[in-house]
Structures are given as structure tokens and as C-alpha cells.
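Here is a short note for a colleague who is opening this structure for the first time. Please read the points with the model in view.

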Amino acid sequence: MSSELPRIREPAQMTSAYASVLPSYGSKRDPGKALLQTLGAPSTAVRDRKIPQDWNAAYNTHVRLSDKDKNKSETQRDASNRLIRDLDQRTKTKQAEINRQLQDRITTVSYWKQRLNTEHASICQEITNLNMSKQKTQSLCSTATLY
């Protein structure tokens, strides 16, 4: 048997003095992965144990990131609300304009309908008067030929 102690492997991600404390983020944030990178794998080796400053640095990093995310989401929410208000205002304005145009069209159509009905009634009366005149003329002509 050899009296050699087991070798402790160096983690691959430890490239700087702060690599074990600060999470590294790629193009996509993965909070679970970042937390594991921050906290490290559980180990009984003394050198892998975290000291309070490491925990505080990791905590402060997560607080800053959550504040940034909160600010971005608030900005996005405000922008969305502003777009909703603008769209609602434009919709109301356009609807009022279209309602006014429809009312103008209804007024115009009503006017011309009334005009046509008046003309139609006038023409019908004229036809009736002409027919009565024709009948009177015919009756007068027929009585004049009898004498």
C-alpha cells in the first residue's frame, strides 16, 4: 500500500482569484448554474470552504443582478403601459373621426332621400293633374262634337 494522500483536483472554471466567488454568465443567464458556480460543490477539504467574505461577495453580486433585472422589467412595464395609452388614444380619436364621417353621410343620405320623396310626390301629383286635365279635355271634346 502506498501512503500517498488522495489528490484534490483543481476545478476547471477557476481561472482567477475571484472565479470561485463571482458567477460567470454566458449569453443566457442561468440562475441555477450561477448559484452553483458561486457556491461551489460541497467539499470537506479546508481550502474549498467559503469564508464569510466569499458569501457576502456572492450575495452582493446576486442582489445587484436582481436589481438590474427589476429595473429592466419596470422599464419594460412602463414602456408597455405607455404604448397601451398611446394606442388607446389613437383608437378613440380615429373612432370619433369615423363616427363624425358616418353621421355626415347619414345626414346627406337623409337629405337626398327627402328630396327624392318630395320630387316623387310632386311628379305623382303632376301626373294625376295631367290625367284629370286629359279626361276633362276628352270629355269636353266628346261633348263638343255631339252638339
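1. Start at Arg100. The model is predicted, and in it Arg100 has a relative accessibility of 46%, so this residue counts as partly exposed. Its partner is Asp104. Asp104 stands at 40% relative accessibility and is therefore partly exposed as well. The two form a salt bridge, with the closest N and O atoms 3.2 Å apart.

2. Where do Arg100 and Asp104 lie? Both are in helix α2, 4 residues apart. That spacing is about one turn of the helix. In general terms, side chains of opposite charge can pair when their charged atoms come close.

3. Next, look at Asp88 and Lys92. Their side chains meet in a salt bridge, 3.4 Å from N to O. This pair also lies in helix α2, which covers residues 52-146. Asp88 and Lys92 are 4 residues apart, about one turn of the helix. Asp88 has 37% relative accessibility and is partly exposed. Lys92 is partly exposed too, with a relative accessible area of 49%.

4. Which residue forms a salt bridge with Asp78? The partner is Arg77, and the closest N and O atoms are 3.8 Å apart. The cut-off for a salt bridge is 4 Å, so this pair qualifies. Asp78 is partly exposed at 39% relative accessibility. Arg77 is partly exposed at 48%. A search of the whole structure gives 3 salt bridges.

5. Now the aromatic rings. The structure holds 1 aromatic pair. Tyr111 and Trp112 form it, with ring centres 5.1 Å apart and 75 degrees between the planes. Planes over 60 degrees apart count as edge-to-face, which is why this pair gets that label. Tyr111 is partly exposed, with a relative accessible area of 42%. Trp112 is partly exposed at 46%.

6. How many disulfides does a search of the whole structure find? The count is 0. Two residues to look at here are Cys124 and Cys141. Cys124 is partly exposed, with a relative accessible area of 34%. Cys141 is also partly exposed, at 46%.

7. Step back to the whole chain. The protein has 2 helices and 0 strands. Of its 147 residues, 7% are buried. The protein exposes about 13400 Å². Carbon and sulfur atoms supply 57% of that area.

8. Contacts deserve a look as well.

9. Finally, confidence. The average pLDDT of the protein is 80. A score of at least 70 is reached by 66% of the residues. Where does pLDDT stay under 50? One stretch is residues 11-19. For that stretch the model has 4 contacts beyond four places in sequence. Please keep those scores in view when reading this part of the model.

Technical notes: Residues numbered from 1 in each chain as written. Heavy atoms only, no water. Buried < 20%, exposed > 50% of the residue type's maximum accessible area, 1.4 Å probe, protein only. Areas by Shrake-Rupley, 256 points an atom, 1.4 Å probe, with all protein chains shown as cover. Phe/Tyr/Trp six-rings, centres within 6.5 Å; stacked < 30°, edge-to-face > 60°. Disulfide = S-S within 2.5 Å. pLDDT = per-residue confidence, 0-100. Contact = heavy atoms within 4.5 Å.
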